[in-house]
Amino acid sequence: LNQYLHDMTKQEYADLHTHYYKMSDGKLRATVGELGRKRYDHHNIEVYAEHRIACRVLLERARDGTGLVFHLKELQPRKSC
């Protein structure tokens with residue numbers, strides 16, 4: 001599981017994503033925290049891909065389907081000097 005992202009095949013990536021997707025929320029959060037400590041505190045670059053995929057799954061679960069909306073009618077262009 002501890003492979004660099006660029007060394008991973010599409011199938012390996014999908015398998016790892018599925019592995020984290022099946023985890024409970026609590027276990028996934030704990031795993032992301034543990035991988036983050038390994039990656040950042042212990043400078044272990046071998047968990048880079050695994051941490052990134054686990055974070056992606058966690059973010060996918062946290063999305064609520066809303067986003068920022070920008071209204072062009074509020075835009076007020078200014079003249080430059």
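Contact here means heavy atoms within 4.5 Å. Helices (H or I, at least four residues) are DSSP runs, numbered from the N terminus.

This is a predicted model, in which local features need pLDDT of at least 70, side-chain atom pairs count only at pLDDT 80 or more, and totals for chains, interfaces and linings use all residues. Residues are numbered from 1 along each chain as its sequence is written, and side-chain values use heavy atoms, with hydrogens and water left out.

**His-17 and Lys-38**

His-17 sits in helix α1. Setting aside neighbours within four places in sequence, His-17 contacts Ile-53, Arg-56, Val-57 and Glu-60. Lys-38 belongs to helix α2, residues 25–41. Residues up to four places away in sequence not counted, Lys-38 touches His-43, Asn-44 and Val-47. The C-alpha atoms of Lys-38 and Tyr-48 are 9.2 Å apart, with the two residues ten apart along the chain.

Buried means under 20% relative accessible area, exposed over 50%, and partly exposed in between (1.4 Å probe, protein chains only).

| Residue | Relative accessibility | Class |
|---|---|---|
| His-17 | 16% | buried |
| Lys-38 | 33% | partly exposed |

**Helix α3**

Helix α3 covers residues 48–62, 15 residues in total. From first C-alpha to last, α3 reaches 21 Å, close to the 21 Å expected at 1.5 Å a residue. That expected span is 1.5 Å times one less than the number of residues in the helix.

Which residues are buried in α3? They are Ala-49, Glu-50, His-51, Ile-53, Ala-54 and Val-57. The buried residues of α3 pack against α1 (10–21) and α2.

Methods:
Helices (H or I, at least four residues) and strands (E, at least two) are DSSP runs, numbered from the N terminus.
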